[in-house]
Amino acid sequence: MNGDLMDVLAAARSGRPEALRAFVEAIWPQAYRLARAVLHDHGRAEDAAQEACALTVAALGQLRGDHAFPAWFRRIVLREAYRQSRRGGPEVPVPELRDDGSASAVSSADLDLRAAVRALPPLYRVPLVLRYVEDLSSSEIGCALGLPAATVRWRLAVARRKLGIALRGGR
């Protein structure tokens with residue numbers, strides 16, 4: 001966990017409103033990315049991320065040590081995203097946006113890859129996103145998902161094989 005987030009976390013534990021606001025702003029991007037990986041719907045991912053951030057703030061007193069925060073937080077977000085996915089609802093494709101909010105110009109290969117990743121079941125898609133977007137190790141992913149690292153490595157291998165097949169057109 002980087003030093004800036006540790007400072008924000010320590011301040012948030014004080015319960016001061018401005019510290020809590022800064023804390024939520026610091027954790028929001030990761031919460032949204034993880035929720036979007038599970039739900040691939042902008043609105044539902046925002047809802048899940050907001051609920052996960054609120055649950056995180058409410059449960060800060062239960063956190064046993066700052067070093068445990070990253071895995072603890074990922075579990076909260078993923079649990080909320082899975083809960084949201086079980087509730088159902090329409091899945092509306094949303095164009096990918098750049099940081100400035102405008103639609104990005106992407107190659108057809110990028111679009112094919114994104115579509116192939118979205119088509120993966122969450123069982124494979126979530127570990128793949130945690131590995132290649134969040135840059136987590138197999139053991140960190142296992143901790144977040146409650147799985148042994150070997151199972152995570154197996155799911156990643158299956159996900160990569162499925163992506164390869166999808167990108168080659170099913171051959």
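## Aspartate 135

In this predicted model, aspartate 135 counts as exposed because its relative accessibility is 58%, and the cut-off for exposed is over 50%. Aspartate 135 sits in the loop between α6 and α7. Its backbone deserves a look. Aspartate 135 has a positive phi of about 60 degrees, although it is not a glycine.

Just after α7 comes glycine 146, with a phi of about 70 degrees.

Helix α6 covers residues 122–132. Its buried residues are Tyr124, Arg125, Val126, Pro127, Leu128, Val129 and Leu130. Note that the list includes an arginine, Arg125.

What covers these buried residues? The cover includes α2 (17–39), α4, α5 (108–119), α7 and α8.

Helix α7 spans residues 138–145. Ser138, Ile141, Gly142 and Ala144 are buried there. Look down the axis of α7: the buried residues fall within an arc of 160 degrees, so they line one face of the helix.

That face has several partners.

## Where α4 crosses α7

Helix α4 runs over residues 69–87. How do the axes of α4 and α7 meet? They come within 8 Å and cross at roughly 55 degrees. That angle makes α4 oblique to α7. The crossing is right-handed.

Now the side of each helix that takes part. From α4 come Ala71, Arg74, Arg75, Leu78 and Tyr82. They meet Glu140, Cys143, Ala144 and Leu145 in α7. By type, the residues of this contact divide into six nonpolar, no polar and three charged.

## The whole chain

Read from the N terminus on, the elements run α-α-α-α-α-α-α-α.

How much of the chain is buried? Buried residues make up 36% of the 171 residues. Contacts also reach along the sequence. Take the contacts between residues at least 6 apart in sequence: 65% of them join residues at least 24 apart.

Terms used:
Residues are numbered from 1 along each chain as its sequence is written. This is a predicted model: local features need pLDDT of at least 70, side-chain atom pairs count only at pLDDT 80 or more; totals for chains, interfaces and linings use all residues. Side-chain values use heavy atoms; hydrogens and water are left out. Axes are lines fitted to C-alpha atoms, for helices over the stretch in contact, and angles run from 0 to 180 degrees between N-to-C directions. Helices (H or I, at least four residues) and strands (E, at least two) are DSSP runs, numbered from the N terminus. Angles under 35 degrees count as roughly parallel, over 145 as roughly antiparallel, 65 to 115 as roughly perpendicular and the rest as oblique. A crossing is left-handed if the near helix is turned anticlockwise from the far one by less than a right angle, and right-handed if clockwise. Contact means heavy atoms within 4.5 Å. Ala, Val, Leu, Ile, Met, Phe, Trp, Tyr, Cys and Pro count as nonpolar, Asp, Glu, Lys and Arg as charged, and the others, Gly among them, as polar. Buried means under 20% relative accessible area, exposed over 50%, partly exposed in between (1.4 Å probe, protein chains only). The arc is that of the directions from the helix axis to the C-beta atoms.
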